[in-house]
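Trainee: Could we go through this model together, starting with a sheet and then moving on to the helices?

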Amino acid sequence: MRQEEGREGRTREGEPVLQGDPMAVSVVADPGAPDPAGPAPAGHAPGTPVAGTAELELREFHSFEAVGQRFVYLVPSAAIFRLDEAAAAVLDALTGGPRTLASLAEELAPRLPREAFTEALQDLLEVRAVGPRGAPPEPMPVELPPGDLPLSTLVLNVTSKCNLSCGYCYEYGEDRLVDEGTMPRFMDEATARESVEFMLAQAGDRDTVNLTFFGGETLLNFKLLRTTLEYARRRGTEEGKRVRFSLTTNGTLLRPEIIEWLVENEVGVTVSIDGPKDVQDKLRVLNNGAGSYELMAPKVKALLERHQGHQVAARVTLTRENLDIHRIFRHLTQEMGFSEVGFAPVTTSSCRSYALDEPGYDSMLRQFGELARDWLEHAVRDEPHGFSNIRESVQEIHRGFSKAYPCGAGLGLMGVATDGNVSLCHRFAGSAEHTLGSVTEGIDRGKQTDFLEANHIAYKPDCHSCWARPLCSGGCYHEAHTRYGTTTAPNLHYCDWIRSWTHTCLEIYGELAERNPAFLKRLEA
């Protein structure tokens, strides 16, 4: 049994988990009885003995196959092992239920030499794919991050105003958290500068920090973007930190001088766009109800032609109205020229007419799987493809993520509303319930700790039996609040989808590990 090279399970803090362990067990004989399996492997530190009459059973893992090889994804460590013949035989023999060591050894004796059986079983015991019958489940202690965890990304909501009226908008639509008129429509320069100072102070010893401009439509406050970027770059230099910049836009307000500014300042750009004209114009409309494609498309193409030294990505919101993912992907990559395209199902209550239903999720899963296979063939040839959903998932798998939280909201990422209040993330900007402090007064550490404790995976019992929890951890807080009225709820409405998609990603990862492992090494950076 071989662990994938350069890859091991990681805890939230990033420390290896496959080390010496009090739950480790050794294959040893029952005192006074013959040892049917032979001695424990030399050099193994004894743990809890497993006698010939003791029963063993399978513990928590997920099996998958790729290029004729069998793999296991261990939970909760998130480590991946490729099974050799002996390890696979042991696991297969235990699929019917608990077995004594003696009966297991006897059944496998015609197929496996004693030494191979012993070594395979010991390996499986050490990584806890197998364990004594009735052993308690893996502990899930609530280990909160340190209170001074440095900030890595600050998202400035520079305006809450927009020149579009997208039917599914979470900020202005039927599921909005903040009522209009309760917040300034535009962030002022004093608040923006205070936000930069807050970011640099909260970044701690990080040498690089990310500042993202968001809206509303971000470019409605372009004057503030220019002055804030200049100020942040100067102050970052003075504090010995590199500040990286990005923004999200609908593309309709791009003009030559803005494009040049983006290029000159190496600002990463995400364009919110749903696809070809007939798709875009269904829900992404101007305030007068007219479609936005004709206004947006030539400006975005000009951006893509000019801004080639830095990534410009498309972000597509999938609804019941636009589920031809292949057509959307082809249009955005081949006709528009995007190098990266990411898809996300609309965040909304289930009663909305555009919300995805079960057939919609099934269609999305099927097409995601087809795009993922296409991405794999490109990756094997070391060629770019552009389907960012699979690239990001494979990267998380390779890095061995085992999450206590679904994302960095309230941790390394925070959002600032137009009035300077600091929220969990940009999607909660302006929501009093989800405010953690302000850029002038700092973070209320007590409130932050309460949030992190309440939203820890340990307090989501519905997730405890799910093998995909190391990568999901219950899902997006904003999605949960929209669907269930609280960030603490796991997103049970798409559990089956997450498990199916994660299984696909594991298959892609396993095949890539066999066919082009050098590609995975590049994901470690």
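Trainee: What is the strand order in the open sheet of three strands?
Mentor: In this predicted model, the order is S8-S4-S9, and the pairing is antiparallel. Strand S8 (99-100) and strand S9 (130-132) are the edge strands, each of them pairing on one side only.

Trainee: And how many bridges hold S4 and S9 in their antiparallel pairing?
Mentor: Strand S4, which covers residues 55-58, pairs with S9 over three bridges, and leucine 56 has proline 132 in S9 as its bridge partner. Helix H3 (residues 114-126) packs on this sheet, where it touches S4 and S9, and its direction makes about 80° with that of S9.

Trainee: Switching topic, do S11 and S12 run parallel or antiparallel?
Mentor: Strand S11 (residues 208-214) and strand S12 (residues 242-249) run parallel and are joined by six bridges, with threonine 208 standing opposite arginine 242 in S12. Together with helix H5 (residues 222-238), S11 and S12 make a right-handed β-α-β unit.

Trainee: Where does the chain go from S12?
Mentor: From S12 the chain crosses through helix H6 (residues 256-264) to S13, again in a β-α-β crossover that is right-handed. S12 and strand S13 (residues 268-272) run parallel, joined by four bridges, and serine 246 stands opposite glycine 268 in S13.

Trainee: Now the helices: at what angle do H10 and H11 cross?
Mentor: The axes of helix H10 (residues 358-380) and helix H11 (residues 388-398) cross at roughly 70° and come within 9 Å, which means that H10 is roughly perpendicular to H11.

Trainee: Which residues meet there?
Mentor: Phe368, Ala372 and Trp375 in H10 meet Asn389, Ile390, Arg391 and Val394 in H11; by class, the contact has five nonpolar, one polar and one charged residues.

Terms used: Residues are numbered from 1 along each chain as its sequence is written. This is a predicted model: local features need pLDDT of at least 70, side-chain atom pairs count only at pLDDT 80 or more; totals for chains, interfaces and linings use all residues. Side-chain values use heavy atoms; hydrogens and water are left out. Axes are lines fitted to C-alpha atoms, for helices over the stretch in contact, and angles run from 0 to 180 degrees between N-to-C directions. Helices (H or I, at least four residues) and strands (E, at least two) are DSSP runs, numbered from the N terminus. Angles under 35 degrees count as roughly parallel, over 145 as roughly antiparallel, 65 to 115 as roughly perpendicular and the rest as oblique. Contact means heavy atoms within 4.5 Å. Ala, Val, Leu, Ile, Met, Phe, Trp, Tyr, Cys and Pro count as nonpolar, Asp, Glu, Lys and Arg as charged, and the others, Gly among them, as polar. Two strands pair if DSSP finds at least two bridges between them. A crossover is right-handed if, with the strands pointing away from the viewer, the path from the first strand over the helix to the second runs clockwise.
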